[in-house]
Amino acid sequence: MLKLPELPDCFYQNQPSLICPSSPTPNHSLYLSNLDDQKFLRFSIKYLYLFKKSISLDILKHSLSKVLVHYYPLAGRLRASTEVDQKLEIDCNGEGAVFAEAFMDITAEEFLELSKKPNKSWRKLMYKVEAQSFLDIPPLVVQVTNLRCGGMIVCTAINHCVCDGIGTSQFLHAWAQITAKPNLDLAIAPLHTRHVLRPRNPSEVTSTHHEYVRNTPRENGHLDIDINRYLQSQPLVPSSLTFTTSHIIHLKRQCVPSLKCTAFEALASHTWRCWVRALDLSPSLNVKLLFSVNVRKRLIPEIQQGYYGNGFVLGCAQTSAKDLVASNMCHGVKLVQQAKSSLTDDYVRSMIDLLEDKSVKTDLSMSLVISQWSKLGLEDVDFGEGKPLHMGPLSSDIYCLFLPVIGDFEAVRVQVSVPESVHEKFEYYMKECLGKEANGDADIGYHMEENGFC
């Protein structure tokens, strides 16, 4: 397997501490919506930030204790509901967030050299909480690692059942603001209640939801086929490709003038198609693209600003592997657009009602999942000494991330782990449509486009 450079070990001088809210907070159980407590989301979103200059640990701890007054559920603990089977809630008990402090013998510049692709040694930058189950891990875990050059790396693990990407960005900006400008009111006041996304009574599943499947063995034709399970069984290699503004314009032009599309629609369709081609799937297989869509403004009434719970759902585009690969890019783009346009208020309410059935799960068996971290402002978090030199996930997975590019708001970094056996093929397909400008690969021409493959 491709050997990636290893980070040195972290040195911990002190045991991690619990940072509690700096003043009393409400003590109650917080209801989680059906979008919050899906089994698909029972993990922590792990961010890694690299800053050129460090902030005093005492200042960071103090500002974290202050922001936890506003975001007090993050200082609580998840637990199983006593009223509803298989449902979670937050015990807002103020126990506190985990804060670990460490030192690593590396400079910011050296880490930037290693940051083009994540590897498993990055996990050293996040303190691992010893826990028997997912519920035993505090909703917020932070590690601040000071570097030899005077810089710092801030890693956060935020429970996805508590916050979505927009919510995590809102929280991190609030923490940074209180650190840098402690006398200012928060730019956005957090909205805690999740009742706006309660299921209807009685429940009404009025739509067909291809994003979900009953928790029974799935058959595709005569065979029980599960791409997700196959990928998890393979040695995986991270792929990380940056698409500049000009690359994205080039992709979008392949649909003009017959079809107008957004940067996300073009890049999502392109990535899905390249992924299916690289895996060389049977032409008859029905493949899906699941992608996150913010529905805060799609609901009636709209969800108020400040809502930091899960206000997204998965859009679902699907087609046969043959039709996706053999058609031009417009085919995939149209499927993505149709999936987005179907996410009306009634559709989302129907989905929430469907999730009352705890045998329903996200259909990952034949799906590529794309989560968009770009355009959330995550790369703009500033604790007072400047914006980050690098922002991204702590690790790479089979779920695809569209990441921000520091210094270029319109650019997107596509990161996903694929089997080592198809890694080179996947990256070739991703870059072949872009010609000579693709990531500096001067030898990649337009011949594939001319043959109708792009």
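Mentor: One definition to begin with: a polar contact is a pair of N or O atoms within 3.5 Å, and within protein one must be able to donate a hydrogen and the other to accept it. Also keep in mind that this is a predicted model.

Trainee: OK. Which residue's side chain does Gln415 join in a polar contact?
Mentor: That of Arg413, at 3.1 Å.

Trainee: Where is Gln415 in the fold?
Mentor: Gln415 sits in strand β18, which covers residues 408-419.

Trainee: Buried or exposed?
Mentor: Gln415 is buried, with a relative accessible area of 2%. The cut-off for buried is under 20%.

Trainee: What does Gln415 touch, leaving out residues up to four places away in sequence?
Mentor: Its contacts include Pro118, Ser239, Ser240, Pro393 and Tyr399. Cys400 and Leu403 are among them too.

Trainee: New topic. What is the average pLDDT of the chain?
Mentor: The average is 92, and 93% of the residues score at least 70. Over residues 218-223, though, the pLDDT is below 50. That stretch has twelve contacts in the model beyond near neighbours in sequence. Residues 437-454 also have pLDDT below 50, with 43 such contacts.

Trainee: How many salt bridges turn up in the whole structure?
Mentor: The search finds 21. Take Asp91 and Arg79: their side chains meet at 3.4 Å, N to O. Asp91 lies in strand β6 and Arg79 in strand β5, so the pair ties together parts that are twelve residues apart in sequence.

Trainee: Are those two buried or exposed?
Mentor: Asp91 is buried at 18% relative accessible area. Arg79 is partly exposed at 31%.

Trainee: Which residues form a network of salt bridges with Asp91?
Mentor: Arg79 and Glu89 are linked with Asp91 in that network.

Trainee: What about Lys288 and Asp363, how do their side chains meet?
Mentor: In a salt bridge of 2.8 Å, N to O. This pair links distant parts of the chain, 75 residues apart. Lys288 is in strand β12, and Asp363 is in the loop between β14 and β15.

Trainee: Is that pair buried or exposed?
Mentor: Lys288 counts as buried at 6% relative accessibility. Asp363 counts as buried at 3%.

Trainee: And Arg200 with Asp346, what is the N to O distance?
Mentor: Their salt bridge is 3.7 Å. The two are 146 residues apart, with Arg200 in the loop between α3 and β10 and Asp346 in helix α9. Arg200 is partly exposed at 26%. Asp346 is partly exposed at 38%.

Trainee: Switching to helices. Which residues are buried in helix α5?
Mentor: His247, Ile248, His250 and Leu251. Seen down the axis of α5, the buried residues fall within an arc of 155 degrees, so they line one face of the helix.

Trainee: Last one. How many disulfides?
Mentor: The count is zero. For Cys20, the nearest cysteine sulfur is that of Cys92, 14 Å away. Cys20 is partly exposed, at 35% relative accessibility. For Cys92, the nearest cysteine sulfur is that of Cys163, 12 Å away. Cys92 is buried, with a relative accessible area of 2%.

Note on methods:
Residues numbered from 1 in each chain as written. Predicted model: local features only at pLDDT ≥ 70, side-chain atom pairs only at ≥ 80, totals over all residues. Heavy atoms only, no water. Helix = DSSP H or I, 4+ residues; strand = E, 2+ residues; numbered from the N terminus. Buried < 20%, exposed > 50% of the residue type's maximum accessible area, 1.4 Å probe, protein only. Contact = heavy atoms within 4.5 Å. pLDDT = per-residue confidence, 0-100. Salt bridge = Lys/Arg side-chain N within 4 Å of Asp/Glu carboxyl O. Arc of directions from axis to C-beta. Disulfide = S-S within 2.5 Å.
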